[in-house]
Amino acid sequence: MRVFYAVIVLILFVFCCANYAVHCRAHGPIERKNYDALGSPGGPFSHAVKYGNVLYLSGMTAYGTKAQGKSMAEQAGEIWNKIRIVAKAEGKDLDSLIKVTMYITDFGQAEEVREELSRQYNGKFPASSLLEVGKLFSSEVNIEIEAVLGL
């Protein structure tokens, strides 16, 4: 009976190892990326993480830019410039956006943000979520945008 269980465990182990190898070959390793044009990340995180043909961008803000402390629409424009820099570095543009999540501090300014989005998307709309939050990490930041790009 022990031999039977040992054989079963061995078969499961081999199956799991083979499945993992196929998965890694199909998707590749996880690659953490930073972009010189964006400066150093402002904390213990990467600008983006690439897994397979998908690039997950950390939340971006206008902190440290000329739009810091300005209107939500101006900050959104600056953030889109950052996202565009990342997309270009990967040989893509905003047409490659899969999903966007936006965190704003005042839903009363949502219409301005939507107008800015319409200018950025050129009619190719990604999946999107818009959430109002109590505050972000700085009182001079009123919007944060996360994005997912297809590569």
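**A loop leucine, a pocket and a helix**

Leu38 sits in the loop between β1 (30-33) and β2 (48-51). In this predicted model, Leu38 counts as buried because its relative accessible area is 19%, and the cut-off for buried is under 20%. Setting aside neighbours within four places in sequence, the contacts of Leu38 are His47, Met60, Lys82, Ile85 and Val86.

Lys82 turns up again in the largest pocket, where Lys82, Gly42, Phe45, Gly59 and Thr61 are the lining residues nearest the centre. This pocket holds about 360 Å³ of space and has 15 residues around it. By type, the lining splits into 6 nonpolar, 7 polar and 2 charged residues. Strand β3 (residues 54-60) supplies the most, with 3 residues.

Next comes helix α3, which runs over residues 110-121. Its 12 residues span 16 Å from first C-alpha to last, close to the 16 Å expected at 1.5 Å a residue. Buried in α3 are Ala110, Val113, Glu116, Leu117, Gln120 and Tyr121. These residues lie on the same side of α3, because they take up an arc of only 125 degrees around the axis. What do the buried residues of α3 pack against? Their partners are α2 (72-89) and the strands β4 (97-104), β5 (127-132) and β6 (143-150). Just past the end of α3, Asn122 adopts a positive phi of about 55 degrees.

Technical notes: Residues numbered from 1 in each chain as written. Predicted model: local features only at pLDDT ≥ 70, side-chain atom pairs only at ≥ 80, totals over all residues. Heavy atoms only, no water. 1 Å grid on protein atoms, 1.4 Å probe; cavity = no way out; pocket = protein on both sides within 12 Å on 5 of 7 lines; lining within 4 Å. Points joined across faces, edges and corners; volume = space filled by probe spheres on them. Helix = DSSP H or I, 4+ residues; strand = E, 2+ residues; numbered from the N terminus. Nonpolar A, V, L, I, M, F, W, Y, C, P; charged D, E, K, R; others polar. Expected span 1.5 Å × (residues − 1). Buried < 20%, exposed > 50% of the residue type's maximum accessible area, 1.4 Å probe, protein only. Arc of directions from axis to C-beta. Contact = heavy atoms within 4.5 Å.
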